[in-house]
Amino acid sequence: MKGEHVGKTTPAVVWASRLSVIATGLAVPLLNNALRQMSSLTGISSTVGIWLLWSIALLCTLVPSSSALTAIRLALPTIFVIVAAVAITSDITSGVAAALAISLLSSLFIFSGDIGNSFVQLAAYGDERRYLLRCPPAMLLVQILSWLVWLALAIVAINLLASDAAIIGAVVAIAALLLTIVLPRRFHRFSRRWLVSVPAGLVIHDHVVLAETAMFMNNAVVEIGIDLAPSEAADLSGKCSGVGLLITLKDFDTVVLAATPKTPGGSAIHVKSMRVCPTRPGRAITELTSVPSA
């Protein structure tokens with residue numbers, strides 16, 4: 001693995017994430033006039049929410065990890081939604097438009113593959129090299145819809161409470177609180193999906209697709225290549241499309257797929273080749289197949 005490349009790239013990417021969060025914070029004062037036009041409860045809760053989420057995002061960039069990746073990928077898009085809601089309910093001045101654009105760009109940037117790989121790598125142990133796996137499209141859609149429902153309930157609860165509909169507002173607020181307890185843990189599973197290179201071999205750490213972590217010693221791995229066409233390899237990517245990695249073994253081994261309604265205990269399959277999808281497959285194949293530096 002090219003350790004020099006990893007060492008130079010990761011700090012630069014993390015610093016870029018810090019700058020994007022700082023830019024978002026500097027844009028918040030541009031909303032002051034729009035926030036003053038809102039009702040007192042809505043305006044105060046929006047202000048408090050934005051600064052609380054911004055503080056969480058900044059802390060995540062200072063202490064990067066897989067948990068921080070989940071938190072910042074929830075915080076920045078939520079700031080964007082709050083800014084968008086403020087923009088919709090007020091006059092869109094140049095300041096509001098600028099805050100909207102900055103928060104959107106910061107949200108998009110934080111979902112880049114480089115950010116994801118950098119955050120999970122900085123929490124790795126010793127000689128581990130972690131490659132974040134791409135989220136399966138069907139599961140990504142479920143996450144987005146769950147997040148939108150969560151935010152909608154929170155926004156509706158605040159507006160109901162602001163309009164003196166206390167009972168209905170409290171019910172909606174409780175529903176939003178329950179989702180606050182449940183959803184972040186479910187989202188975090190997707191920040192813990194990695195292909196891991198260790199001195200002894202390869203590990204597929206993915207409790208979304210697999211029931212058990214799959215581990216393969218170096219002497220069991222024949223080849224690691226780019227998967228460009230359909231093959232007979234076992235698909236451990238969660239049906240991700242696009243370029244993936246094809247791991248070929250010397251002999252058949254067993255992996256256990258995650259539980260489904262039809263197989264509540266999971267299902268074991270025998271594989272000799274398997275497909276996974278890192279977020280940056282080109283970089284992953286380059287590092288995994290390079291001769292270790294002295």
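Here is a guided walk through this structure, from the whole chain down to single residues.

This is a predicted model, in which local features need pLDDT of at least 70, side-chain atom pairs count only at pLDDT 80 or more, and totals for chains, interfaces and linings use all residues. Residues are numbered from 1 along each chain as its sequence is written, and side-chain values use heavy atoms, with hydrogens and water left out.

Let's start with the whole chain. It has nine helices and eight strands; helices (H or I, at least four residues) and strands (E, at least two) are DSSP runs, numbered from the N terminus. The C-alpha trace spans about 65 × 45 × 30 Å along its principal axes. Of the 294 residues, 44% count as buried, where buried means under 20% relative accessible area, exposed over 50%, and partly exposed in between, using a 1.4 Å probe and protein chains only. Contact here means heavy atoms within 4.5 Å. Among contacts between residues at least 6 apart in sequence, 70% join residues at least 24 apart.

Now look inside. In soluble globular proteins, nonpolar side chains tend to be buried together. A nonpolar core is a set of buried Ala, Val, Leu, Ile, Met, Phe, Trp, Tyr and Cys residues joined through side-chain atoms within 4.5 Å. The largest one in this model has 33 residues, and those with the most contacts inside it are Leu31, Ile50, Ile72, Leu76, Ile79 and Val86. At least two residues of this core come from each of H1 (3–27), H2 (32–36), H3 (40–62), H4 (66–88), H5 (94–110), H6 (113–121) and strand S2 (194–198). H4 gives the largest share, 10 residues. A second, separate core has 23 residues, including Leu133, Val209, Met274 and Ile285.

Two packed helices are described by the angle between their axes and the distance between the axes. Here, axes are lines fitted to C-alpha atoms, for helices over the stretch in contact, and angles run from 0 to 180 degrees between N-to-C directions. H4 and H5 pack at about 160°, with their axes 9 Å apart. That makes H4 roughly antiparallel to H5; angles under 35 degrees count as roughly parallel, over 145 as roughly antiparallel, 65 to 115 as roughly perpendicular and the rest as oblique. Among the H4 residues that meet H5 are Ile72, Leu76, Phe80 and Val83, while the H5 side includes Val96, Leu100, Leu104 and Ile110. The residues of this contact divide into 12 nonpolar, three polar and one charged. In that count, Ala, Val, Leu, Ile, Met, Phe, Trp, Tyr, Cys and Pro are nonpolar, Asp, Glu, Lys and Arg are charged, and the others, Gly among them, are polar.

H4 also packs against H8 (residues 166–188), where the axes come within 9 Å and cross at roughly 120°. H4 and H8 are therefore oblique to each other. Ser66, Ser67, Thr70 and Leu74 of H4 make this contact with Pro184, Phe187 and His188 of H8. The residues of the contact divide into three nonpolar, four polar and no charged.

Back in H3, two residues are worth a visit. Thr42 lies in this helix and, at 10% relative accessibility, counts as buried. Leaving aside neighbours within four places in sequence, Thr42 is in contact with Ile158, Asn159 and Ala162. Beyond its neighbours within four places in sequence, Leu58 is in contact with Val21 and Ile22. Leu58 and Gly25 are 33 residues apart in sequence and 9.2 Å apart in space, C-alpha to C-alpha.

Our last two stops are further along the chain. Ala284 sits in H9 (residues 281–288) and counts as buried at 0% relative accessibility. Leaving aside neighbours within four places in sequence, Ala284 is in contact with Tyr131, Leu245 and Pro278. Lys239, by contrast, is exposed, with a relative accessible area of 71%. Lys239 is in the loop between strand S6 (234–235) and strand S7 (244–257), and its phi is near 65°, a positive value in a residue other than glycine.
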